[in-house]
Amino acid sequence: LTLDYRKVSAWRTEPGCFQPADLKRLKASGITIFHPAVGYVDGDIYKSSLADISGWNTFLAHHSEDFLRVDTIADLERAKKLDKIGIVIGQQNSEHFRTVDDVNRFYAMGQRVSQLTYRPNRIGGGSTDFRDPGLTEYGAQVVERMNQLGMAVDVSHCADKTTLDAIEVSHKPVLVTHSNCRALVHASARCKTDAEIRKLASKGGVIGITMVRYFVGAVGPVTIENVLDHVDHVVNLVGVEH
């Protein structure tokens, strides 16, 4: 909803401070569905994730006339028909899944997307982990439970082997919600290889191109044209539907 994290934090703890002017800006953006996910990596990650999702639920309950929590595929269309802004609740790190049963608990709270690894954890390797053990046995159990419940698997920050393993293990399409093409930014471990993009597409997955500057171009200023180069690369590689 905003990259002003102090503002969005205030909206969740004190929903009344969300003003009509804030809603007007969101409506004017033309975006109808938002996925406001953060990655907690320090301290009590379980407690932080719990508070994060509880905060979104408080905000949504307070502003139900303008916002709709997206729990099912049908809610995507329902939000548009009701002229509401849809919120897909997620996390960019899955360390809050202390046990497989925690997947159920957070699903019940409304979480529908979980990025497996922000950094190396019990599930697998993060993009900064050059050792990258791949998806662990516990990680495979988490993915299986997410598949069973209907929580989408996101591998945006996963290391290469973990990315490939997660796509292989998952019975449902896997998401790369925010990454780019390593073919165009060779030194970035946060960008996905052609092999990963092909495997993702082969299982029905999609990749979202990010405008984070360092994932768009290695040197010099970058523009929207450079962003579109990544879109074109994916389209040429696996087709526009991915």
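Predicted model: local features only at pLDDT ≥ 70, side-chain atom pairs only at ≥ 80, totals over all residues.

Me: How do helix 8 and helix 10 cross, at what angle?

Reply: Helices (H or I, at least four residues) and strands (E, at least two) are DSSP runs, numbered from the N terminus. Axes are lines fitted to C-alpha atoms, for helices over the stretch in contact, and angles run from 0 to 180 degrees between N-to-C directions. Here, the axes of helix 8 (residues 194-202) and helix 10 (residues 224-238) cross at roughly 60° and come within 10 Å. That makes helix 8 oblique to helix 10; angles under 35 degrees count as roughly parallel, over 145 as roughly antiparallel, 65 to 115 as roughly perpendicular and the rest as oblique.

Me: Which hand does the crossing of helix 8 and helix 10 have?

Reply: A crossing is left-handed if the near helix is turned anticlockwise from the far one by less than a right angle, and right-handed if clockwise. For helix 8 and helix 10, the crossing is right-handed.

Me: Which residues of helix 8 and helix 10 meet?

Reply: Contact means heavy atoms within 4.5 Å. From helix 8 come D194, I197, R198 and A201, and they meet H233, V234, L237 and V238 of helix 10. By class, the contact of helix 8 with helix 10 has five nonpolar, one polar and two charged residues. Ala, Val, Leu, Ile, Met, Phe, Trp, Tyr, Cys and Pro count as nonpolar, Asp, Glu, Lys and Arg as charged, and the others, Gly among them, as polar.

Me: And how does helix 7 sit against helix 8?

Reply: The axes of helix 7 (residues 160-169) and helix 8 come within 10 Å and cross at roughly 15°, so the two helices are roughly parallel to each other. This crossing of helix 7 and helix 8 is left-handed. D160, T163, L164, I167 and E168 in helix 7 meet A195, E196, K199 and L200 in helix 8. That contact divides into four nonpolar, one polar and four charged residues.

Me: Now single residues. Is H230 buried or exposed?

Reply: Buried means under 20% relative accessible area, exposed over 50%, partly exposed in between (1.4 Å probe, protein chains only). H230, in helix 10, counts as buried because its relative accessibility is 1%. Not counting residues up to four places away in sequence, H230 touches N180, C181, L184, V185, I209, F215 and V216. Its side chain also reaches the backbone nitrogen of C181 at 3.1 Å. A polar contact is a pair of N or O atoms within 3.5 Å; within protein, one must be able to donate a hydrogen and the other to accept it, and residues adjacent in sequence count only if both atoms are side-chain atoms.

Me: What is the phi of D83, and what is that of D132?

Reply: D83 has a positive phi of about 60° although it is not a glycine. D83 lies in the loop between helix 4 (73-81) and strand 3 (85-87), and is exposed at 55% relative accessible area. For D132, phi is near 40°, a positive value in a residue other than glycine. D132 belongs to the loop between strand 5 (113-115) and helix 6 (137-149), and is buried at 12%.

Note on methods:
Residues numbered from 1 in each chain as written. Heavy atoms only, no water.
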